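These are my notebook entries on one protein chain. I looked up a few places in it and wrote down what I found.

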Amino acid sequence: MGFLGSGEASVTYVLEAGITVTLLPGLHACPPPGPNTSHWPEFNWTAPQEFVILGFSGWPQGLRVLLFALLLPLYLATLAGNLLILVLALVEPALRTPMYFFLGALSAVEVAYTLVLTPRMLAGFLLPPGGQAVAPSTCAAQMGLFVALGGSECLLLAAMALDRYLAICRPLYYPQLMTTGLCWGLLASCCFGGLVLAVGLTTAIFRLPFCRGGLVNHVFCDLPAVLVLACGNRDLQERVLLAACLLLLVLPLVLILLSYTRVLVVILGVGGAAGRRKAFNTVASHLTVAVLHYGCATAMYARPLSSRSLEEDKLVSLIYINLTPLLYPAIYTLRNRDMQGALQRAVSQRTPGMTHQAEIT
């Protein structure tokens with residue numbers, strides 16, 4: 001679009017197709033668009049009555065049904081695995097420690113995260129082509145919950161790294177430092193931090209006018225997918241998004257890596273072989289989850305809008321919505337003997353035959 005001229009009487013624009021638009025007196029258009037500014041004149045800026053989440057509605061129906069059949073079992077397994085960890089952390093006396101307190105909280109966040117995103121995505125595979133229409137308030141709520149839960153998870157992983165650092169590197173002071181009050185305080189701080197970030201980012205995006213309709217080319221109301229629909233200068237919103245990524249992704253990941261590096265140095269230098277193996281397995285589980293979470297999130301959000309492909313983002317979302325949350329309970333339970341023992345005791349209490357067999361062995 002080219003800006004031709006302006007005056008008291010009118011303002012004239014030439015669109016890319018050669019169409020000339022002249023604004024009447026009293027209507028004001030935006031200045032010549034920059035790289036992050038909408039090409040639409042202001043008289044087309046509207047607040048959409050609804051957003052339409054396109055998802056994969058353009059794909060063949062047979063392929064969408066196949067994806068539904070593949071992803072539904074993953075969704076159910078994710079819920080079952082995380083709920084199992086949460087219940088064991090609550091009811092098993094041997095797991096009432098700060099480490100499993102944070103692990104149970106992380107599982108609760110994962111359950112909520114999965115419930116916010118996955119059911120609507122799965123429903124989209126079975127709906128007729130055209131996408132799912134949602135009210136702007138629903139879209140904003142989904143975005144806000146996604147950011148709040150994702151931000152809380154980032155901070156929780158950092159809190160778990162702090163817990164392991166104190167337990168292994170400062171064992172004599174650990175009981176006095178990592179008290180029940182501190183655990184609840186850290187959990188509340190993580191949740192509050194995620195909430196503040198969610199309110200700030202969601203408000204900043206939905207305060208913008210929209211001139212490209214409400215077609216969200218994603219499986220949910222993700223921040224970049226909605227932000228590209230906005231009009232006007234989006235520089236501030238994009239900078240806020242990148243700053244939030246730096247604050248919640250890069251900085252905690254650096255702290256986590258430094259903490260676990262120190263932990264590994266201590267593990268290799270002291271203790272017996274059995275103690276080193278148990279501590280190493282615990283740290284390896286936590287570090288694997290942290291790398292998966294921060295790696296996916298950084299690859300998705302620490303990029304400017306100009307370098308994005310929404311189609312690629314939509315495909316990658318299938319991994320971090322469906323596969324990554326499923327790996328968390330698998331990693332924590334398969335590599336954690338305390339969790340395995342708690343699970344065996346819980347199962348044996350419901351099956352007397354297994355209890356008798358366990359006593360014999």
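Is Asn-322 buried or exposed? I looked up its relative accessible area, which is 3%, so Asn-322 is buried. The cut-offs I use are under 20% relative accessible area for buried, over 50% for exposed and partly exposed in between, with a 1.4 Å probe and protein chains only.

Before going on, I note that this is a predicted model, where local features need pLDDT of at least 70, side-chain atom pairs count only at pLDDT 80 or more, and totals for chains, interfaces and linings use all residues. Residues are numbered from 1 along each chain as its sequence is written, and side-chain values use heavy atoms, with hydrogens and water left out.

**Entry: around Asn-322**

I found Asn-322 in helix H9, residues 310-334. (Helices are DSSP runs of H or I with at least four residues, strands are runs of E with at least two, and both are numbered from the N terminus.) A polar atom of the Asn-322 side chain lies 3.0 Å from the backbone oxygen of Leu-318. I then listed contacts, meaning heavy atoms within 4.5 Å. With neighbours within four places in sequence set aside, Asn-322 touches Leu-71, Leu-74, Thr-78, Thr-118, Met-121 and Ser-317.

**Entry: salt bridges**

How many salt bridges are there? I count 3, taking a side-chain nitrogen of Lys or Arg within 4 Å of a carboxyl oxygen of Asp or Glu. Side chains of opposite charge can pair when their charged atoms come close.

Glu-92 pairs with Arg-345, and their closest N and O atoms are 3.1 Å apart. Glu-92 is in the loop between helix H1 (61-91) and helix H2 (98-126), while Arg-345 is in helix H10 (residues 337-350), so this pair ties together parts 253 residues apart in sequence. Glu-92 is buried at 11% relative accessibility, whereas Arg-345 is partly exposed at 35%.

Asp-163 pairs with Arg-164, with 2.9 Å between the closest N and O atoms. I noted both as buried, Asp-163 at 1% and Arg-164 at 12%.

Lys-314 and Glu-311 meet at 3.6 Å, N to O. They are 3 residues apart in helix H9, which means a separation of about one helical turn. Lys-314 is buried at 4%, but Glu-311 is partly exposed at 41%.

**Entry: the nonpolar core**

Which residues touch the most other members of the largest nonpolar core? They are Phe-146 and Val-226, in a core of 90 residues. Helix H3 (residues 136-169) gives the largest share of this core, 16 residues. Such a core is a set of buried Ala, Val, Leu, Ile, Met, Phe, Trp, Tyr and Cys residues joined through side-chain atoms within 4.5 Å. Apart from neighbours within four places in sequence, the contacts of Val-226 include Phe-51, Cys-139, Met-143, Ile-205 and Phe-206.

**Entry: a surface residue**

I also looked up Leu-258, found in helix H7 (residues 235-269). Leu-258 counts as exposed because its relative accessibility is 55%.

**Entry: the whole chain**

The protein chain has 11 helices and 6 strands. I noted that 44% of its 361 residues count as buried. Among contacts between residues at least 6 apart in sequence, 72% join residues at least 24 apart.

Technical notes
A polar contact is a pair of N or O atoms within 3.5 Å; within protein, one must be able to donate a hydrogen and the other to accept it, and residues adjacent in sequence count only if both atoms are side-chain atoms.
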